[in-house]
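Here's a quick briefing for anyone meeting this structure for the first time.

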Amino acid sequence: MTTATTRHGDRRVSPVFVGILAVTAVTGWATWTGFAEQPGVAVFLFVTAAWIVSLCLHEYAHARTALHSGDISVGAKGYLTLNPLKYTHALLSIVLPVLFVIMGGIGLPGGAVFIERDRIRGRWRHSLISAAGPLTNVLFAVVCTAPFWLDALDGVPDDFRFALGFLAMLQVTAAILNFLPVPGLDGYGVIEPWLSYSVKRQVEPFAPFGLLFVFALLWVPSVNGAFFDVVDALLRGLGISDLDTYCGQYLYNYVFSFLRDRGPDLFHCTAV
């Protein structure tokens, strides 16, 4: 085993990730207590920081599974430190996913870790490595929705409830998109080891454009409507209403509006 992959520093949690966790905690507290003068600002920072945390955990799950499957190079690459700057490019890994959240409330898959697949033996292991990321989004969604389906929201401030509902929606959309069997997405990575060599060769050129293809489809009104119908149905089954996600997204996007002087309009969203 390469010594570089077993050094403690390769697995030490990055100060960058710790800082993001701190922002999540502080802004979550500000949202809960109403400490922020503009609730939309606190909600934006809380949801954004928590979303970046989930992106880091998504990629970490890929890397950790790869490590235990035989790719001992992931430690030296910094993938086990949870540092978002280590996952390909900051623009692709962080900036674009956050922009898609702002633009449409869609949990777009983030960056990627480069797995040395030739080190891994067994099709099941390859599939599990690909599935580990979106399964992390599923787990994150379960955590976010737990207060709803456990009826544990009595006394919880509306702003925090709405922020949690919107964050849950992002995790659900991310899980669905990641599990699509489209080249370039994790869903295709799950089934790819089981495809014939000729099929994989034919599909390979389209992998760099898979995500763009999915995004383009989501701009088609009928496809977008069907996609969010599925998302809404799943969220309703978990106890999250349309009001929760709508108000959460409204609060989130409020920081970008030019309507700051109309702050009282913000409180038209009231949980029932």
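Which residues in α2 meet which residues in α10? G40, V43, F44, V47 and T48 in α2 meet G248, L251, Y252 and Y254 in α10, where contact means heavy atoms within 4.5 Å.

Before going further, keep in mind that this is a predicted model, where local features need pLDDT of at least 70, side-chain atom pairs count only at pLDDT 80 or more, and totals for chains, interfaces and linings use all residues. Residues are numbered from 1 along each chain as its sequence is written, and side-chain values use heavy atoms, with hydrogens and water left out.

**The chain as a whole**

- The chain has 10 helices and 0 strands; helices (H or I, at least four residues) and strands (E, at least two) are DSSP runs, numbered from the N terminus.
- Of its 272 residues, 47% count as buried, with buried meaning under 20% relative accessible area, exposed over 50%, and partly exposed in between (1.4 Å probe, protein chains only).
- Take the contacts between residues at least 6 apart in sequence: 73% of them join residues at least 24 apart.

**α2 with α10**

- Helix α2 (residues 39-69) and helix α10 (residues 242-254) pack at an angle of about 105°, their axes 7 Å apart; axes are lines fitted to C-alpha atoms, for helices over the stretch in contact, and angles run from 0 to 180 degrees between N-to-C directions.
- That makes α2 roughly perpendicular to α10 (angles under 35 degrees count as roughly parallel, over 145 as roughly antiparallel, 65 to 115 as roughly perpendicular and the rest as oblique).
- Sorted by class, the contact of α2 with α10 has 6 nonpolar, 3 polar and no charged residues; Ala, Val, Leu, Ile, Met, Phe, Trp, Tyr, Cys and Pro count as nonpolar, Asp, Glu, Lys and Arg as charged, and the others, Gly among them, as polar.

**α5 and its partners**

- Helix α4 (residues 123-149) packs with α5 at about 155°, with the axes 8 Å apart, so α4 and α5 are roughly antiparallel to each other.
- The α4 residues that meet α5 include P134, F140 and F148, and the α5 residues that they face include R161, L164 and Q171.
- In the contact of α4 with α5 there are 13 nonpolar, 5 polar and 1 charged residues.
- α5 (residues 158-178) also packs with helix α9 (residues 221-237), at an angle of about 125° and with axes 10 Å apart, which makes α5 oblique to α9.
- Among the residues making this contact are M169 and I176 of α5 and F227 and L234 of α9.
- The contact of α5 with α9 divides into 11 nonpolar residues, 1 polar and no charged.

**Loop residues to look at**

- Most residues other than glycine have a negative phi.
- L82, in the loop between α2 and α3 (90-104), has a positive phi of about 65° although it is not a glycine.
- L82 is buried, with a relative accessible area of 9%.
- D151 lies in the loop between α4 and α5, and its phi is also positive, near 55°.
- D151 is exposed, at 65% relative accessible area.
- L153 is found in the loop between α4 and α5 and is buried at 14%.
- Not counting residues up to four places away in sequence, L153 touches P147, F148 and R161.
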